[in-house]
Amino acid sequence: MSLFRQALTVVRKDLLLEWRGKGRLISVLLFGVVTLLLFSFAVGPDSTLMRAAAGGFLVLALLLSSTLGLSESFRVEQEQRAIEGLLLLPVDPIALYYGKTLSNTLFLMLLAPVLTPVALILYSVQLDLQGLAVLLGLWTLAAAGLSAPGTLYAAMTSRLQSQDVLLPLLLFPLVIPVLMGAVKSITLILTGDPMSQVSAWATLLASFAIIYSSLCGLLFPHAIEEGI
Amino acid sequence: MPDGVIVGGWSYVIAAYSVTAAGLIAYAWSLVHRRRKAELE
Amino acid sequence: MTRQFKWDSGLGLLGLLLLFVGSYIGLFVAPAERYMGETQRIMYVHVPCAWNAMLLYTLAFIFAIVSLWTHRPKWDAVTTAAVEVGIVLNALLLVQGSIWARATWGVWWDWDVRLTTSLIMVLLFAGVLALRSFVHDAGRRATWTAIATIVAFVDVPLVYFCVRWWRSLHQVQSTPDTVAPMMVVPLRINAFAILFLAIWMMAQRVRVELARRAQDQVAEPERIAPIGGSTNA
């Protein structure tokens, strides 16, 4: 089986698991909605302030939800030692990494259709269809950028007792470029982009995702060579 | 004297050097302490 | 052990001596800068700390690659030492930068490109040490430290350019057009002073690591993590 087919098999397996037990997706979605709600209390009922910060809040909700989703994605494997079985199968670790990264990216993309409307309503922001499409594109790039290093770190920390602290501690400083890029570009879409800077930020998000998915793909086999 | 010159400011200089010295000394002390502990046990 | 003791102690003492000489020149001999006045003297420790912190992180990155390649304990020890000493210098850099900001711009913090990047760097590399402290199996600890160091280091240029874009307008650099020779001399002396001190610190840290590792092997040979399954590595 080629590397690509192997990776796709991992994705299919993850999606099937996700579909059978929808608990993870639903709880992470709810978590995202709750954070969006909490952020609006942080700036008070002032609607101009909220509208200005809407992009930032939306991306922060994605970021906070992502650590939950990522750590869950490997906790599933730890249960009943599923990861051992996975590693015993003739699956290349590199395929395992890309499969997991892809399924984590898809998972984070699934948050967009719920979190975006909630944010638009809560923070009373108007957005036309074209803006919505661009926002979804940026969301996808940000999701890929978060998943690329996130999958590697989730695999490493999933065995440690302090995973819940350690994963955000490692991931948050690392993904600051993703955070900045996504916040800036999404805010520009929500508030207007007179200088057309969105494409520059989109390039940054794409480069981050590409750089880290190549680097972490190289490192992942080392990370799991002594068992996850 | 040109405009915008910062006059004085020795207190900031003293603060910066003191913090640096204190930081270096504290870390060096912790290293010596840790090394002694690790090698004695 | 005694032979090793000599070279790094000598280097450490030389560093200390140079630091006194360089700082003396910087504080009392060098002229005050035209615009910055006396506060410019902070530069004589600030810039050497910055150079050496970056140097140590770069070394840590190279050591991490070698450590991942060879799986030798000594490379893991050197990587950890470089990261840790780098963090110490980086933390000093932040405090000095903050004092500098207060003196020149009147605020304790400014979202200046280099100040912001150095704050993010401290957090990035502190994460490496945090991860390390939670892994008990020596082999895995070495591999994961190396991986985390590589991942963190690659982020540094990305963060730098990102912060620059993010700020869009930034300070005009306060480089004096004519640099008095008495300003360059203390800067160079202190750069080497901090470098020698950093090497001394790294040498001590390597000893700590190797001694601990030797102890672990003697004391707890049975603490080999079970393959897979258990959630308490």
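A salt bridge here is a side-chain nitrogen of Lys or Arg within 4 Å of a carboxyl oxygen of Asp or Glu. By that rule, the whole structure has eleven salt bridges over all chains. This is a predicted model, in which local features need pLDDT of at least 70 and side-chain atom pairs count only at pLDDT 80 or more, while totals for chains, interfaces and linings use all residues. Residues are numbered from 1 along each chain as its sequence is written, chains are lettered from A and ligands numbered from 1 in the order in which they are written, and side-chain values use heavy atoms, with hydrogens and water left out.

**Chain C against chain A**

- Chain C brings 38 residues to this contact and chain A brings 34, contact meaning heavy atoms within 4.5 Å.
- About 3400 Å² is buried between chain C and chain A, 71% of it on carbon and sulfur atoms; buried area is the accessible area (1.4 Å probe) that two parts lose on being put together, summed over both.
- C:W144, C:V151 and C:W165 account for 18% of the area that chain C buries against chain A, more than any other three residues.
- There are zero salt bridges between chain C and chain A.
- Three residue pairs, both at pLDDT 80 or more, are in polar contact across this interface. A polar contact is a pair of N or O atoms within 3.5 Å; within protein, one must be able to donate a hydrogen and the other to accept it, and residues adjacent in sequence count only if both atoms are side-chain atoms.
- On the side of chain C that touches chain A, α4 (113-134) and α5 (138-167) of chain C each supply at least two residues, and α5(C) gives the most, with 17 residues. Helices are DSSP runs (H or I, at least four residues), numbered from the N terminus.
- That side of chain C has 26 nonpolar, nine polar and three charged residues. Ala, Val, Leu, Ile, Met, Phe, Trp, Tyr, Cys and Pro count as nonpolar, Asp, Glu, Lys and Arg as charged, and the others, Gly among them, as polar.

**Chain B against chain C**

- The contact takes 26 residues from chain B and 36 from chain C.
- Together chain B and chain C bury about 2900 Å², with 72% of it on carbon and sulfur atoms.
- Six residue pairs, both at pLDDT 80 or more, are in polar contact across the interface of chain B and chain C.
- The side of chain B that touches chain C consists of 16 nonpolar, five polar and five charged residues.

**Salt bridges at C:E84**

- One salt bridge crosses the interface of chain B and chain C.
- C:E84 pairs with B:R34 in a salt bridge, their closest N and O atoms being 2.7 Å apart.
- C:E84 also forms a salt bridge with C:R205, the closest N and O atoms being 2.7 Å apart.
- This second pair links distant parts of the chain, with C:R205 in helix α6 and C:E84 in helix α3 (residues 73-105) of chain C, 121 residues apart.
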